[in-house]
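Here are a few notes to read with the structure open beside you. Take them one at a time and find each residue as you go.

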Amino acid sequence: MDILLTGGAGFIGSNIALALQDSHTVTIIDNLSSGGSENLKGFQGGILDLDISEPLNLSQKFDAIIHEASITDTTFKPDEEMIRQNVEGFKNVLALAKKNKARLVYASSAGVYGNGPAPMKESQQLQPLNAYARSKAMIDHIAAEHSKNILIVGLRYFNVFGPREQGKGSSASMIYQLRKQILTGKAPRLFKFGEQVRDHIYVKDVAAATIKALEAKGSGVFNVGTGKGSSFNEVLAAVQETLGTNKQVEYFDNPITGVYQVNTLADTTLIARGLSWKPAYSLKEGIKDYFQWLESEGIP
Ligand SMILES: NC(=O)c1ccc[n+]([C@@H]2O[C@H](COP(=O)([O-])OP(=O)(O)OC[C@H]3O[C@@H](n4cnc5c(N)ncnc54)[C@H](O)[C@@H]3O)[C@@H](O)[C@H]2O)c1
């Protein structure tokens with residue numbers, strides 16, 4: 001297949017690009033606003049430096065589009081500009097998919113559930129807590145409206161960690177931050193008192209789920225998580241076990257209470273049934289594989 005991948009120089013997009021290129025022809029669109037070409041070492045397809053929040057007039061034809069590009073820094077301001085860029089970007093990609101009669105797989109987020117009941121089901125009421133999550137909920141809504149005319153699969157990724165996220169800086173996963181703190185001689189830091197729960201999923205699993213979604217028989221929106229929650233304290237314990245360290249944790253006040261998700265956990269029933277997909281890595285297996293990669297790349 002000829003596949004267009006937006007956001008392909010970013011964290012998840014680059015993992016998808018590298019996993020896809022052996023079996024498909026991949027063209028990337030990325031304006032390098034948060035991604036970087038260093039993520040695409042070994043990528044042999046085309047890279048177009050375009051901004052998806054402008055209309056996309058491409059002469060090349062595509063069978064499928066994977067849409068990962070987005071403002072991903074949840075602290076981006078002003079809120080209206082984040083929403084505008086994310087939603088306009090999606091509409092432009094949707095228009096291109098329609099023109100090409102291409103199937104569209106796009107990245108949504110577990111952020112749309114806010115502090116709704118967990119395990120989170122795709123059918124439950126959305127309660128986005130910030131502008132980023134609101135933009136994703138709006139995109140899910142637009143996708144649902146168009147899903148009869150064109151095959152559209154939305155993927156609500158939970159907390160993704162793994163290779164090529166280091167360019168995201170403070171937006172990189174807590175697993176990356178905790179390892180970095182420990183290896184640079186600092187105390188690992190957690191919000192008081194580390195009891196918050198997240199469904200952490202390894203990026204190789206997220207890339208595999210996204211590629212699998214290209215074969216979907218119909219439109220739909222699916223959670224991409226492991227179905228297993230881990231508290232921040234448990235994540236730190238797994239990081240320390242992998243590193244062979246036993247550093248004292250430093251708890252600090254969460255500066256963003258109120259609009260902060262306390263407990264996220266994916267109900268994975270729908271993706272297991274609808275896409276015949278399940279994750280291959282447990283939290284500890286993912287951390288081990290990831291840390292081996294960071295070490296081989298010399299990344300502290
Ligand atoms: N990382 C996670 O834990 C997570 C969780 C839920 C959802 N997601 C979603 O997954 C997708 C990928 O996220 P990521 O973690 O790889 O983030 P990322 O910031 O590393 O990747 C986003 C990419 O999109 C590009 N981009 C942004 N705006 C663009 C524009 N207007 N035109 C062209 N390119 C543009 C950036 O340069 C970057 O390479 C995003 O849609 C994000 O919202 C990520």
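**Notes on a predicted model**

Asn223 touches Tyr113, Met120, Lys121, Glu122, Arg156, Phe158, Ala266, Asp267 and Ile271, leaving aside residues up to four places away in sequence. Keep in mind that this is a predicted model.

1. Let's stay with Asn223 for a moment. This residue sits in strand β11, which covers residues 220-224. Is Asn223 buried or exposed? Asn223 has a relative accessible area of 0%, and buried means under 20%, so Asn223 counts as buried.

2. What does the side chain of Asn223 have close by in the way of backbone oxygens? A polar atom of that side chain lies 2.8 Å from the backbone oxygen of Met120. The backbone oxygen of Asp267 is 3.1 Å from a polar atom of the Asn223 side chain. Met120 and Asp267 are also both among the residues that Asn223 touches.

3. Now hop over to Gln124, in the loop between β5 (103-109) and α3 (131-146). Gln124 is buried too, because its relative accessible area is 15% and the cut-off for buried is under 20%. A polar atom of the Gln124 side chain lies 2.8 Å from the backbone nitrogen of Lys121. Not counting residues up to four places away in sequence, Gln124 touches Tyr113, Gly116, Pro117 and Pro119.

4. Gly36 is another loop residue, found between β2 and β3 (46-48). With a relative accessible area of 8%, Gly36 is buried.

5. Next, have a look at helix α1 (residues 11-20). How many of its 10 residues are buried? Nine of them are, so the helix is mostly covered. The buried ones are Phe11, Ile12, Gly13, Ser14, Asn15, Ile16, Ala17, Leu18 and Leu20. The cover over these residues includes the strands β1 (2-6), β2 (25-29), β4 (64-67), β6 (152-157) and β7 (159-161), along with helix α5 (203-213).

6. On to helix pairs. Two packed helices are described by the angle between their axes and the distance between the axes. For helix α4 (residues 174-183) and helix α8 (residues 283-296), the axes come within 12 Å and cross at roughly 55°. That angle makes α4 oblique to α8. The crossing is right-handed. On the α4 side, Ile175, Tyr176 and Arg179 meet Leu283, Ile287, Tyr290, Phe291, Leu294 and Glu295 of α8. Sorted by class, this contact has seven nonpolar, no polar and two charged residues.

7. Helix α8 turns up again, this time with helix α6 (residues 232-243). Here the axes come within 10 Å and cross at roughly 45°, so α6 and α8 are oblique to each other. This crossing is right-handed. Val235, Ala238, Val239, Glu241, Thr242 and Leu243 of α6 meet Leu283, Lys284, Ile287, Lys288 and Phe291 of α8. The class count for this contact is seven nonpolar, one polar and three charged residues.

8. One last thing to look for in α8: which of its residues meet α6? Leu283, Ile287 and Phe291 are among them, and these residues also meet α4. Residues three or four places apart in an α-helix point the same way, because there are 3.6 residues a turn.

How values were computed: Residues numbered from 1 in each chain as written. Predicted model: local features only at pLDDT ≥ 70, side-chain atom pairs only at ≥ 80, totals over all residues. Heavy atoms only, no water. Helix = DSSP H or I, 4+ residues; strand = E, 2+ residues; numbered from the N terminus. Buried < 20%, exposed > 50% of the residue type's maximum accessible area, 1.4 Å probe, protein only. Polar contact = N/O pair within 3.5 Å; in protein donor to acceptor, adjacent residues only side chain to side chain. Contact = heavy atoms within 4.5 Å. Axes fitted to C-alpha atoms, helices over the stretch in contact; angles between N-to-C directions. Parallel < 35°, antiparallel > 145°, perpendicular 65-115°, else oblique. Left-handed = near helix turned anticlockwise from the far one by under 90°. Nonpolar A, V, L, I, M, F, W, Y, C, P; charged D, E, K, R; others polar.
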